[in-house]
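Have the model open beside you as you read.

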Amino acid sequence: MQFHHHGYVSGDPRVQPAAGVGLDRPEDLPDEVDVLIVGSGPAGMIAAAQLAQFPDITTRLVERRPGRLEVGQADGIQARSVETFQAFGFASRIIEEAYRITEMAFWKPDPARPENIVRAARTPDDPSGISEFPHLIVNQARVLDYFAESARNAPGRLEPDYGWEVLDLHVDEDGVSVRLARTAEPEEGSERTVRARYVIGCDGARSRVRESIGRELVGDQANHAWGVMDVLAETDFPDIRTKCAIQSHDGGSILLIPREGNHLFRMYVDLGETTDDDHGEVRHTTQAEVEARANRIMHPYEVTVKHVAWRSVYEVGHRLTDKFDDVPAELVGVRHPRVFITGDACHTHSAKAGQGMNVSMQDGWNIAWKVGHVLDGRADPSLLDTYSAERHVIAQNLIDFDRRWSKLMAARPEELSDPTELEDFYVKTAEFPAGLMTQYEPSMITAEAAHQDLAGGFPIGKRFKSHPVRRVCDGNPVQLGHHHRADGRWRLYVFADRPAPGVRSKAAEFAEWVSTDPASPVVAHTPAAVDPDAWFDVKVVYQQPHTEVDLGRVPEAYLPRVGPYELVDYEKVYAADPSDDIFEARSLNRDGVLVVVRPDHYVAAVLPLNAHEQLTAFFHGVTTTHGRKPARTP
């Protein structure tokens, strides 16, 4: 965390100085806004936290509830989501309060006495170390609280406007008219209209935003019901504090998930098949019936519920809209979208794979930084076309995965092709539920893989996988990716060739070019009135041990002067850790390589250090030209 560069900070350094709309934010919802976010779920709150980093953009979030969510339905947090929390500054705090999943137990009928269950296997949750961050369980409400804090402490000082629901909206050439109704006293029932340049719909499966743009959730109903409950209970089941998949002899199953706090746990209890003419009757299943079913499945163990924190009954359904914005397929490229839908508003599935909240957050982050870049003049509106194109594919992949996982969880043991099919599937697909299988196709913000061989460990289109390095200025071991904050900046990671700083090298030549040449994205696209690293964060990682890197000979491009006092930022110069060499671990070419990373952590391009024209061409298609005075030649 960096602070003091604008003067001494005596309070909480996580509270950034207010700027722009955050200096005098009106308490009442304005008649006109730049962005209106509808819904304060995971997608809405991460979008708010990201857009609050753009203080010259008026963003407001409306929520029909009268206040914060108190009890959330979702609880599973992927490793990819924890990486995202790091970008928003609260990973360590939420890890401390969460339950950490390290393994999963699989219980099956005892071959000798099938009416009883026995533990058949234990599998590690992350056997291959796909992330340095853990798989967590924590109440959705707490996740929203942390994002709300991030938005409130950001320069834009964004706070949700509770007690408003969307009735409908209308899109025209200049923006969107949104009709709202008050859901809270003293003006409950009153209506008003707000004009917005863009609307981000995060209002759930019954989304009014989706309905207003003519999108429809289409898919299938699996006709299989589950009762879910968060409870405090007394039990003799020995793995009550371990994530478990429990299959009984009669086909009934339970997914057991311990909750944070060491006492609460969640059970997804298999209620069996439903008929086509059920008409939702299964949703009236009582708590007593769910508990009885759970005890039948867990025999010979018993569970006696003492307190129910939350419960529900649902049927598995997999539904998806054809597109995640308001532009018909035939008009893509003719006009740009004004309205976007995220999360359950555009894709629904079961809760047992723990994907809903996680995928929704990535939806919200994906569209928020793009809208921010368009509105503050960094990018052409064509950037907004990439949201639906990227996220629709991910949603379809999620539904395909969840359909398979739900089918395996509901299957009778004798219906499986192999006795270990369920646990084998869990292990083999670990990267998907961890949120790390996402790989975006080539587009205006994701380059072709022509030079992928230069950085095999950073696949283009996938998230930038962090790795330990040494910070040269102080010798501290740090995770390189943990310094990529959700501040809207592109990252240019220069993995230097062999010569040390001060010796003529590709890394030195790149530094001179990127800071002085009018064709450089830093020079061509960064406004003159802001810090040289305001839009592009250029970092260098040397191959030599940090003790062999002389900061006095490092090019100025890697040591920019920032803030009103033009202080040198020393935290952009790193060295490989001899005990865990990033060049070796990420298959980086020893002759040097440039890795370009998007504001949302995804690798956008891999290029040779001397591929100046290719880098210029890439950003020419992404960012608008502003231009700043080139830095002095080193």
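What follows is a short tour of the interface of domain 1 and domain 3.

This is a predicted model, in which local features need pLDDT of at least 70 and side-chain atom pairs count only at pLDDT 80 or more, while totals for chains, interfaces and linings use all residues. Residues are numbered from 1 along each chain as its sequence is written, and side-chain values use heavy atoms, leaving out hydrogens and water.

The domain bounds, which come from an automatic or database domain assignment, are these:

| Domain | Residues |
|---|---|
| Domain 1 | 20-90 + 138-219 + 319-403 |
| Domain 2 | 102-131 + 222-315 |
| Domain 3 | 452-621 |

Taken over C-alpha atoms, the centres of domain 1 and domain 3 lie 32 Å apart. Contact (heavy atoms within 4.5 Å) joins 19 residues of domain 1 to 15 residues of domain 3. Together the two domains bury about 1500 Å², with 49% of it on carbon and sulfur atoms; buried area is the accessible area (1.4 Å probe) that two parts lose on being put together, summed over both. Of the area that domain 1 buries against domain 3, 35% comes from Gln86, Trp369 and Arg378, more than from any other three residues.

How many salt bridges cross this interface? The rule (a side-chain nitrogen of Lys or Arg within 4 Å of a carboxyl oxygen of Asp or Glu) finds two between domain 1 and domain 3. Arg598 and Glu390 form a salt bridge, and their closest N and O atoms are 2.7 Å apart.
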